[in-house]
Amino acid sequence: MNKWTNEEIAAFDKAQTLHNRPYNDDKTTFEEDNPVWEVTVDNQVFIRGAKGIKDTKWYQAGTKNGGQIEVAGQKFEVKY
């Protein structure tokens, strides 16, 4: 789990969506832009796909391989 600073949490709260780039098996990120809804609770960031989280390709790849998220011009390596 990532530990977020107060400034990073504030950026997530302000943005409401983030760019989600899970890694494929070869560690490249998804080619298409994949903005998703996000919410913060108790200094944790939660994201959700439009189809329901478990049925999305990004969820499958992200939980298997990790990935990157971007908000307010900052990129972060994450584990899903």
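Author: Strands here are DSSP runs of E with at least two residues, numbered from the N terminus. Keep in mind that this is a predicted model.

Start with the patch. Val 39, Val 41 and Phe 46 make a nonpolar surface patch of about 250 Å². One of these residues, Val 41, sits in strand β2, which covers residues 35-41. Is Val 41 buried or exposed, or something in between? Its relative accessible area is 41%, so Val 41 is partly exposed.

Now the charges. There are two salt bridges by the rule used here.

Take Glu 70 and Arg 21. They form a salt bridge, and their closest N and O atoms are 2.7 Å apart. This pair ties together distant parts of the chain, 49 residues apart. Glu 70 lies in strand β4 (residues 67-71), and Arg 21 lies in strand β1 (residues 17-22). Glu 70 has a relative accessible area of 18%, so Glu 70 is buried. Arg 21 has 19% relative accessibility, so Arg 21 counts as buried. The cut-off for buried is under 20%.

Next come Lys 64 and Asp 25. In this salt bridge, the closest N and O atoms are 3.1 Å apart. Again the pair links distant parts of the chain, here 39 residues apart. Lys 64 belongs to helix α2 (residues 57-65), while Asp 25 is in the loop between β1 and β2. Lys 64 counts as exposed, because its relative accessibility is 59%. Asp 25 is exposed, with a relative accessible area of 56%.

Conventions: Residues are numbered from 1 along each chain as its sequence is written. This is a predicted model: local features need pLDDT of at least 70, side-chain atom pairs count only at pLDDT 80 or more; totals for chains, interfaces and linings use all residues. Side-chain values use heavy atoms; hydrogens and water are left out. Patches are made of residues with over 30% relative accessible area and no salt bridge: like charges are joined within 9 Å, nonpolar side chains (Val, Leu, Ile, Met, Phe, Trp, Tyr) within 5 Å. Accessible areas come from the Shrake-Rupley method with a 1.4 Å probe; for residues, only the protein chains shown count as cover. A salt bridge is a side-chain nitrogen of Lys or Arg within 4 Å of a carboxyl oxygen of Asp or Glu. Helices (H or I, at least four residues) and strands (E, at least two) are DSSP runs, numbered from the N terminus. Buried means under 20% relative accessible area, exposed over 50%, partly exposed in between (1.4 Å probe, protein chains only).
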